[in-house]
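Reader: Could you take a close look at one part of this model for me? I'd like to hear how the pieces of the chain sit against each other.

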Amino acid sequence: MQLIYEQSIDGRRGVRLPASDVPAALPLPAELLRKEAAGLPEVSELDTVRHFTNLSRRNFSVDTHFYPLGSCTMKYNVKATENGAALFNGEHPLLPLLPGGEPHAQGSLALLHGLATSLAEITGMAEVTTQPLAGAHGEMTGIMLIAAYHKAKGNKKRYVIVPDSSHGTNPASAAMVGYEIITIPTAPYGDMDLDAFRAAMNNEVAAVMMTCPNTLGLFNPHIKEICDIAHSFDALCYYDGANLNAIMGKVRPGDVGFDVIHLNLHKTFGTPHGGGGPGSGPVGVKEALVPFLPLPRIVKNDSGFILETTNPASIGRTANFFGNFGVMVKAYAYILLLGREGLIRVSEQAVLNANYIMARLKGHYDLPYDFTCMHECVFSASRQVKQGVHALDIAKYLIDQGYHPPTVYFPLIVKDAIMIEPTETESKATMDLFIQVMIQAAELAESDPGAFAALPATMPVSRLDETRAARSQQVCFAGC
Amino acid sequence: METYFTKEHEWVRMKDGVAAVGISDFAAHQLGDVTFVELPPLGKSVKQFEQFAAIESVKAASDIYAPLSGKIIKINDLLEESPEIVNESPEDAAWIAWLEPSNLDELKNLMTQAQYEEFRGGME
């Protein structure tokens, strides 16, 4: 398929504007003018429509196929929530920030406040900021809040503790804020080794970052104990909400001792991911950290919703406007559509589905941590590796069969990991077909391991040379 | 020349009072094709088992820890342009840096070749 730049023909236009019949505005200052043409593709309207329609037909999405990408919670994005987001198209994001603007933006502010209040209730936190633009941004905001808390108390803190099964963004976020990382190994029971954690704890630890359930999809039986130990050193407990879909409505992280949490609205709360998103990573905190929350803060008083814009203790603004507003409308609509009982059923069904897949595939793939799982299960392709077939090869096989591959090679502590998260929105029939294809892949690995080398065979491109792509990067169109 | 190893799969080899360090053959194999090596700054002082470099492969990004305390006196610039050397010759041509060790007693915190082979045998 050609790039749109390669389709460009000099002089071709989509729209030809009539000659202007009004006086020209004052010319722009010379220093603001381009020195050379912008280099835009010259194409007709039909060329443009075909180009983007054909591109979209090559897209793989939850709307087209099963997408069991572990840890990403690729659930169906309810279309009714899109209608909600469309209602706000006319609102300018600067309106509530203009002098006297608040009364004219009460609906939007009420929505943001309503969402934040719902998220605080779901997570057991005192207050939530919706500013962070994605999960990792939420993590960084959360760690900045922790740093502000310790600074205000005069605590001297240097370290952040993370388990070795954590998402890579956890240590990265803590390091960005200036902390050194202490990594705790995973015990045979599938979670952070409690004894190693105890031994590593000291007065200079600022926070412990946990993902619950963890990235093996397992429940940690020692959470309460870990939080209590951390608190006895005045270290705060950070909850990475990536896996909230397993426990939403069942457990409130705030109730078991977590002080700071970030959520991924694009995972748990059913808004689209990535290019179809964008994301949103609200951060919730306990009472002691409320003074440090980003500004502007939406506060409700007798006359309605107002913005608190000054507070010397605050870490300041962390995003333009109010974060990704459209995503928040969809997430709020999702919460209101499902209600309390609906959200509880989400996590119940998500956990049931993951356990179903785990039980059905257990005989065909190694399961290094063999426990009842939560919302996802992690297999190892180690049995297939003996035949020369790796997790990556199985992923390529699945692409040909019409499935988005599960997450592979993560978590790092499982060799040739295959991490499957079906989510609650898939039917038993869909999962049964997927299970059948996974079993076929395991059988092919036994009978004809060499066959995987030629896969995928049905895609516009076959096996990509990932090493060469990473070593000699060429990210620019040759003609530019 | 005796080679010592860490539990994190770095190797260190002494020669004329200075120490060459790199990652083990086992580590290079586990990482898969290496795509980038982040070298430590020349002259930096590091503590034993402190992170001092990083390696990225098609599978993962990994921190590299100093097998001994000391000062970085030489770095292997070749790895910046040709990270594949780490896969081709991890325990020889792909040395990452030379250290001027500050405390040779720390060698007792490391494993000998035989001990390391036994250690990683349990990891397969």
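**Domains and a helix pair**

Author: The C-alpha centres of domain 1 and domain 2 of chain A are 30 Å apart. This is a predicted model, where local features need pLDDT of at least 70 and side-chain atom pairs count only at pLDDT 80 or more, while totals for chains, interfaces and linings use all residues. Residues are numbered from 1 along each chain as its sequence is written, and chains are lettered from A and ligands numbered from 1 in the order in which they are written.

Domain 1 of chain A runs over 80-337 and domain 2 over 341-460, with bounds from an automatic or database domain assignment. Where they touch, 18 residues of domain 1 of chain A meet 18 residues of domain 2 of chain A (contact means C-beta atoms, placed from the backbone, within 7 Å). On the domain 1 side, that's eight nonpolar, eight polar and two charged residues (Ala, Val, Leu, Ile, Met, Phe, Trp, Tyr, Cys and Pro count as nonpolar, Asp, Glu, Lys and Arg as charged, the others, Gly among them, as polar).

Now the helices (DSSP runs of H or I, at least four residues, numbered from the N terminus). In chain A, H4 (residues 135-153) and H5 (residues 169-176) have axes that come within 9 Å and cross at roughly 45° (axes are lines fitted to C-alpha atoms over the stretch in contact, with angles from 0 to 180 degrees between N-to-C directions). So H4(A) is oblique to H5(A) (oblique is whatever remains after under 35 degrees for roughly parallel, over 145 for roughly antiparallel and 65 to 115 for roughly perpendicular). H4(A) contributes A:Gly135, A:Ala136, A:Glu139, A:Met140 and A:Ile143 to the contact, and H5(A) brings A:Thr169, A:Asn170, A:Ser173, A:Ala174 and A:Met176. By class, this H4(A)–H5(A) contact has five nonpolar, four polar and one charged residues.

Key: Helix = DSSP H or I, 4+ residues; strand = E, 2+ residues; numbered from the N terminus. Contact = placed C-beta atoms within 7 Å.
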